[in-house]
Amino acid sequence: MAVKTEYPNQTVVSHFFLEGLIYTAEHPSLFFLLFLLIYSVTMMGNLLILITVGSDPQLSSPMYHFLGHLSFLDACLSTVTVPKVMAGLLTLDGKLISFEGCTVQLYCFHFLASTECFLYTVMAYDRYLAICQPLHYPVAMNRRMCAGLSGITWATGAMHSAIHTSLTFHLPYCGPHHIAYFFCDIPPVLQLACADTTINELVMLANIGIVAAGCLILIVLSYVFIVAAVLRMRTAEGRQRAFSTCTAHLTVVLLYYTPPVCIYLQPSSSGVGAGAPAVFYTIVTPMLNPFIYTLRNKEVKRALRRLLCRGSRESLASSPPH
């Protein structure tokens, strides 16, 4: 049960209880192993992409610079939610989260998720420059520009999350303390507030809606120009290579954008049963992204083979002779 501390004229909740995901209570051990497997694959896959991009000189183009940022974001995003879900499957105490812990989790989640949203837009712009303006591309997307765009995505994500976190926890929470969700997110937390949340919900819909819609419109516009440019290419090999790099990005964009639309456009519908869409883009998508980019990109596959071959050669060289 949550611990409460007395404030003048009201009782303020100091802990929340995360009710978790529906159906997991019947077989907690099975779901614990499932989430452990998903989390392990997510961390290993994204770490492998990070090491490959960082160590292979042939993956020095801006696209792979942004892919490294995406892999880091996916690993962190999964870490914000999955370990707490696993803890809740082991014991009831694992479902408890302090008020401060809930604040940190909500901030980190929206910081990472919104940064990823902005990064997808930057990646679409990178593909637009590379395919539609190939001669101008090396100058427009130089090392300084890559670093600047990456920094802007992280800074904007931090500011975007700070606004939502401060608005959410500025409200009084005097009980109940059960969050009908598997992590601290804005819609389920707002349902526990002891004050009118209309303004918060409007700000959430407007802010997240404008940001998500704006990023999505920019991505779609980029790909309209990309498709037109690809169709004008004379060689089938050029078209195939352009489409192979773009389809991976489009796939992860669709996987990322679809579930949040179901959640944040209907904040009153959030609950234990509404966790399925969130599971997909907070837990499943970070696991799938490395596979999508690896399977659809020949350069990454070749770089992975070089990395694995180099690692096996070094291990053989370091092993003592028989």
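Helix H3 (residues 99-132) and helix H5 (residues 143-169) approach each other so that their axes come within 7 Å and cross at roughly 145°, where axes are lines fitted to C-alpha atoms, for helices over the stretch in contact, and angles run from 0 to 180 degrees between N-to-C directions. Helices here are DSSP runs (H or I, at least four residues), numbered from the N terminus. The crossing of H3 and H5 is right-handed, a term used when the near helix is turned clockwise from the far one by less than a right angle. The residues of this contact divide into 14 nonpolar, eleven polar and no charged, with Ala, Val, Leu, Ile, Met, Phe, Trp, Tyr, Cys and Pro counted as nonpolar, Asp, Glu, Lys and Arg as charged, and the others, Gly among them, as polar.

The model is predicted, and local features need pLDDT of at least 70, side-chain atom pairs count only at pLDDT 80 or more, while totals for chains, interfaces and linings use all residues. Residues are numbered from 1 along each chain as its sequence is written, and side-chain values use heavy atoms, with hydrogens and water left out.

Helix H3 also holds Cys117, which is buried at a relative accessible area of 6%; buried means under 20%, exposed over 50%, and partly exposed in between (1.4 Å probe, protein chains only). The C-alpha atom of Cys117 is separated by 8.5 Å from that of Val211, 94 residues apart along the chain. Val211 lies in helix H7 (residues 198-231) and is likewise buried, with a relative accessible area of 18%.

On the surface, Leu47, Leu50, Ile51 and Phe72 form a nonpolar patch with about 340 Å² of accessible area together. Patches are made of residues with over 30% relative accessible area and no salt bridge, nonpolar side chains (Val, Leu, Ile, Met, Phe, Trp, Tyr) being joined within 5 Å and like charges within 9 Å, and the areas come from the Shrake-Rupley method with a 1.4 Å probe, for residues with only the protein chains shown as cover. The largest share of the patch, three residues, comes from helix H1 (residues 28-55).

Ser55 and Leu307 are 252 residues apart in sequence, yet 8.3 Å apart in space, C-alpha to C-alpha. In the loop between H1 and helix H2 (62-90) lies Ser61, partly exposed with a relative accessible area of 26%. The C-alpha atoms of Ser61 and Pro138, 77 residues apart along the chain, are separated by 9.3 Å.

How values were computed: Helix = DSSP H or I, 4+ residues; strand = E, 2+ residues; numbered from the N terminus. Salt bridge = Lys/Arg side-chain N within 4 Å of Asp/Glu carboxyl O.
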